[in-house]
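Here is a short tour for anyone who likes to check a model before computing with it. Have a look at the structure, then read on.

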Protein chains: 2
Amino acid sequence: MAIFNDFLRDRRRDELSSEDLQALEASVHAVQNVPARHSLAISKQPIGVSTYLIEGFICRYMDDREGVRQLVAVHVAGDFVDLHGYPLKRLDHDVATLGPCRIALVRHEAIDQLVRDRPNLTKLLWFSTLLDAAMHREWIFRLGRLDAVARVGHFFCEIEAKLRAVELSDGRQFSCPLTQADIGEACGMTSVHINRMLKELRERGLMHMQRGRVTILDLPALRRLSEFDPSYLFIGE
Amino acid sequence: MAIFNDFLRDRRRDELSSEDLQALEASVHAVQNVPARHSLAISKQPIGVSTYLIEGFICRYMDDREGVRQLVAVHVAGDFVDLHGYPLKRLDHDVATLGPCRIALVRHEAIDQLVRDRPNLTKLLWFSTLLDAAMHREWIFRLGRLDAVARVGHFFCEIEAKLRAVELSDGRQFSCPLTQADIGEACGMTSVHINRMLKELRERGLMHMQRGRVTILDLPALRRLSEFDPSYLFIGE
DNA sequence: CGCTTGGTTGACTACTATCAATTTGCGTGG
DNA sequence: CCACGCAAATTGATAGTAGTCAACCAAGCG
């Protein structure tokens with residue numbers, strides 16, 4: 001099947017035995033395609049399935065009083081998007097696709113069985129939810145300590161590193177269906193200001209973005225500007 | 001021993017069997033007192049023990065280039081502060097006490113055994129690390145979408161709710177050793193502006209803070225102002 | 001080829017940081 | 001008990017950054 005081909009790729013994947021992996025594959029109960037801008041889960045509702053992202057981009061977000069979104073995570077291929085919903089039993093945020101996606105659904109009863117029978121796989125599933133937590137922390141840092149240019153730069157450094165781990169970026173180019181409004185929702189800024197910061201990054205020769213395609217011109221400089229250190233992603237360990 | 005008396009209190013604690021709890025207690029290898037402003041763990045270093053907070057306040061934080069802190073979490077009694085270090089094997093942030101603390105240390109080999117033998121306890125330990133992730137998300141929301149007054153208010157709403165779950169707040173008063181500089185490091189603001197926002201909250205009759213003691217004057221109004229909804233803390237479920 | 005969505009720019013406003021000076025509270029030692 | 005010293009809190013003046021509002025442009029689609 002190879003649905004989980006990208007799961008934890010470059011992150012402790014070797015700790016997964018082939019039996020563990022097979023058991024994981026066997027626990028999938030459906031694979032489906034979902035169009036862009038489509039809601040996958042609503043906050044506070046009890047859930048009984050978790051979503052693994054095979055291909056595409058998914059975001060998790062919360063709305064403020066006026067309905068303005070704050071993204072709390074952006075997921076790419078290989079991410080177990082809402083596995084945390086398994087121990088939590090309900091979500092504290094909404095989930096939606098950004099671009100068109102291909103997803104696999106896993107029922108929580110199936111995970112129960114994995115937890116009962118496979119301590120090693122369990123620990124890795126746990127690990128993967130904690131990777132998300134580590135990214136959350138980095139987002140807190142980004143919002144709390146970086147100025148506007150660095151925030152945008154940092155955001156793209158993260159996306160780039162995540163995509164590279166699953167070979168969807170070569171360190172120079174990758175596709176990314178986010179609009180400037182989406183980026184604003186991720187970075188706690190208005191789309192107008194995102195536009196200006198992208199202009200600045202372009203003029204500084206660091207990166208540019210057009211029609212869903214991001215080009216990184218100077219990754220080391222971009223990372224320096226953004227105080228980005230990828231170690232929190234646990235890639236290559 | 002009753003070290004874990006406050007662990008997950010009011011949060012699925014009932015799902016813990018007494019044998020599970022005993023096994024957890026038995027896994028503690030030391031209990032110690034730590035003074036205020038004391039470092040407990042350094043970012044990136046491999047760790048083999050996790051810290052459970054019996055009493056006091058602990059923070060987790062990251063430094064920016066200039067060494068300015070950004071807090072990513074504040075922990076109170078009953079929190080398993082860095083249990084996520086067990087699956088991760090190293091931390092992506094520093095840990096330090098805020099006030100004087102009493103902590104219990106648990107070796108990761110001991111947790112290995114729990115994971116092997118006790119799927120139900122494992123799931124609850126996993127759950128507790130995901131509570132932290134849910135709080136991280138709320139911090140992202142706070143930093144990304146709230147203005148200065150609401151950020152401070154939201155911060156105290158969270159602390160109050162967490163303390164109440166372990167009966168350290170009665171909904172009106174609690175002690176809290178954070179300085180205005182600490183609060184600034186949590187809310188992504190300067191201590192000067194924190195001072196002004198506290199003044200505003202005081203003048204609006206919502207809350208005030210002096211000498212490590214917080215008084216909430218109008219919790220519903222404070223929560224409204226701060227767009228605070230405690231459901232992400234999973235208290236009383 | 002007009003419509004709609006997303007991107008771009010300018011002018012102006014509002015919020016928060018910065019810098020600097022005081023004040024307050026409290027522990028220490030005379 | 002009081003004087004000193006330090007850390008934390010408070011306040012004012014000013015600067016800088018990001019938001020708001022509004023208009024316009026560009027690209028993709030039916």
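## Surface and charge

Chain A exposes about 9000 Å², with 47% of that area supplied by carbon and sulfur atoms; accessible areas come from the Shrake-Rupley method with a 1.4 Å probe, and for residues only the protein chains shown count as cover. This is a predicted model, in which local features need pLDDT of at least 70, side-chain atom pairs count only at pLDDT 80 or more, and totals for chains, interfaces and linings use all residues. Side-chain values use heavy atoms, leaving out hydrogens and water.

In chain A there are 31 positive and 33 negative side chains, and the centres of the two sets lie 3 Å apart. Lys and Arg count as positive and Asp and Glu as negative, without His and the chain ends; each charge is placed at NZ of Lys, CZ of Arg, CG of Asp or CD of Glu.

## Fold and packing

Chain A holds eight helices and ten strands, which are DSSP runs (helices H or I, at least four residues; strands E, at least two). Buried residues, those under 20% relative accessible area (1.4 Å probe, protein chains only), make up 61% of the 237 residues in chain A.

Along the principal axes, the C-alpha atoms of chain A fill a box of roughly 55 × 40 × 30 Å.

## Two copies

The same surface serves both copies, as 100% of the contact residues of chain A recur in chain B, where contact means heavy atoms within 4.5 Å.

How values were computed. Residues numbered from 1 in each chain as written. Chains lettered and ligands numbered in written order. Buried < 20%, exposed > 50% of the residue type's maximum accessible area, 1.4 Å probe, protein only.
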